[in-house]
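Student: I have a structure open and would like to work through it one feature at a time. Could we take it as questions and answers?

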Amino acid sequence: MGRAFEFRKERKFKRWNQMSKVFTRLGKEIVMAVKAGGPDPSNNTKLKTVIQNAKGASMPKDRIEAAIARASNKDEKDYEEVVYEGYGPHGIAVIVETSTDNINRTVANVRHYFSKAGGSLGTTGSVSFMFEHKAVFRFLKADYDLEELELELIDFGLEDIDENEGEIFVYTAFEDFGNMQKALEDKGVEVISAEMQRFPMSTTELTSEQEADINKMIERIEEDDDVNHVYHNMS
């Protein structure tokens, strides 16, 4: 019983830690959206989207409101979105998306993670050409028919549509984000999340030992508070 309890406790703490990190990232995104377009989501599309994503991630309402209030304070830190590119061990391409109030700290940390794993941080554009930047909308399947939705949304930039575990995922090109967002709103679809993601155009197969090397590096990077997302082309 003792070992089982410790295992459950460890899993629970890990889940709480992951949720805390997601809430921290969303809090930063709220701050940046408010500073860029004001605190009223009805007049700030970016803020409206971030709040929608925060609710979809079960972020408490009081934390959302607190982030908006903080952003309205002139003394609140300014965050900047910075993307880093490079190669991890075994030639795996890696992209790290961050939001930071101290670029010097962030770039030093990211470079350390790469070099410690035997990889190298590259220049802008060194690996991003290997990835497609797409918008991904997620919502409950409810009574929607995938074939009907595909026909209705194709004129708004739909590239792919998929269903998984009772949820529908709609994919569009980066530049069609706004068109698809409006199309779904006009249809009355309650979107759970709307995010930009990067997908590798080709992947590289590794041995289990090599995969462990990459995963160890990625986990280390993802633990950094400045890091939002990590993408790679490992299959």
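Student: Which residues of α2 are buried?

Tutor: This is a predicted model, and α2 covers residues 45–56. A residue counts as buried when its relative accessible area is under 20%. In α2 the buried ones are L47, T49, V50, I51, N53 and A54.

Student: Which residue caps the N-terminal end of α2?

Tutor: Helix α2 has twelve residues and reaches 17 Å from its first C-alpha to its last, close to the 16 Å expected. Just after the helix, S58 takes a positive phi of about 65°. At the N-terminal end, a side-chain oxygen lies 3.3 Å from the backbone nitrogen of K46, and the residue that supplies this oxygen is N44.

Student: Which element has the highest mean pLDDT, and which the lowest?

Tutor: For the protein, the mean pLDDT is 91, and 93% of its residues reach 70 or more. Over residues 1–16, however, pLDDT stays under 50, and the model has zero contacts there beyond four places in sequence. Among the elements, the highest mean, 98, belongs to α4, and the lowest, 69, to helix α1 (residues 2–37).

Student: Which residues touch the most other members of the largest nonpolar core?

Tutor: This core has 17 residues. The elements β1, β2, α4, α7 and β8 (227–232) each supply at least two of its residues. I221, one of the residues asked about, is in contact with V96, Y113, F114, V227 and V230, leaving aside its neighbours within four places in sequence. Those that touch the most other members are V94, V96, F114 and I221.

Student: How many residues does the second core have?

Tutor: The second core is separate, and its members include F139, L153, M180 and V189. Its number of residues is 16.

Student: Is V170 buried or exposed?

Tutor: V170 lies in strand β6 (residues 167–173). Beyond four places in sequence, its contacts include F139, L153 and M180. The C-alpha atoms of V170 and F139 are separated by 8.7 Å, although the two are 31 residues apart along the chain. With a relative accessible area of 0%, V170 is buried.

Student: Where is H90 found, and what is its phi?

Tutor: H90 is partly exposed, with a relative accessible area of 37%. The residue is found in the loop between β1 and β2. H90 is a residue other than glycine, yet its phi is positive, near 65°.

Student: Is A142 buried or exposed?

Tutor: A142 lies in the loop between β4 (131–140) and α5 (146–153). Its phi is positive, near 50°. A relative accessible area over 50% counts as exposed. A142 has 59%, so A142 is exposed.

Technical notes:
Residues are numbered from 1 along each chain as its sequence is written. This is a predicted model: local features need pLDDT of at least 70, side-chain atom pairs count only at pLDDT 80 or more; totals for chains, interfaces and linings use all residues. Side-chain values use heavy atoms; hydrogens and water are left out. A nonpolar core is a set of buried Ala, Val, Leu, Ile, Met, Phe, Trp, Tyr and Cys residues joined through side-chain atoms within 4.5 Å. Buried means under 20% relative accessible area, exposed over 50%, partly exposed in between (1.4 Å probe, protein chains only). Helices (H or I, at least four residues) and strands (E, at least two) are DSSP runs, numbered from the N terminus. Contact means heavy atoms within 4.5 Å. The expected span of a helix is 1.5 Å times one less than its number of residues. A polar contact is a pair of N or O atoms within 3.5 Å; within protein, one must be able to donate a hydrogen and the other to accept it, and residues adjacent in sequence count only if both atoms are side-chain atoms. pLDDT is the predictor's confidence in each residue, from 0 to 100.
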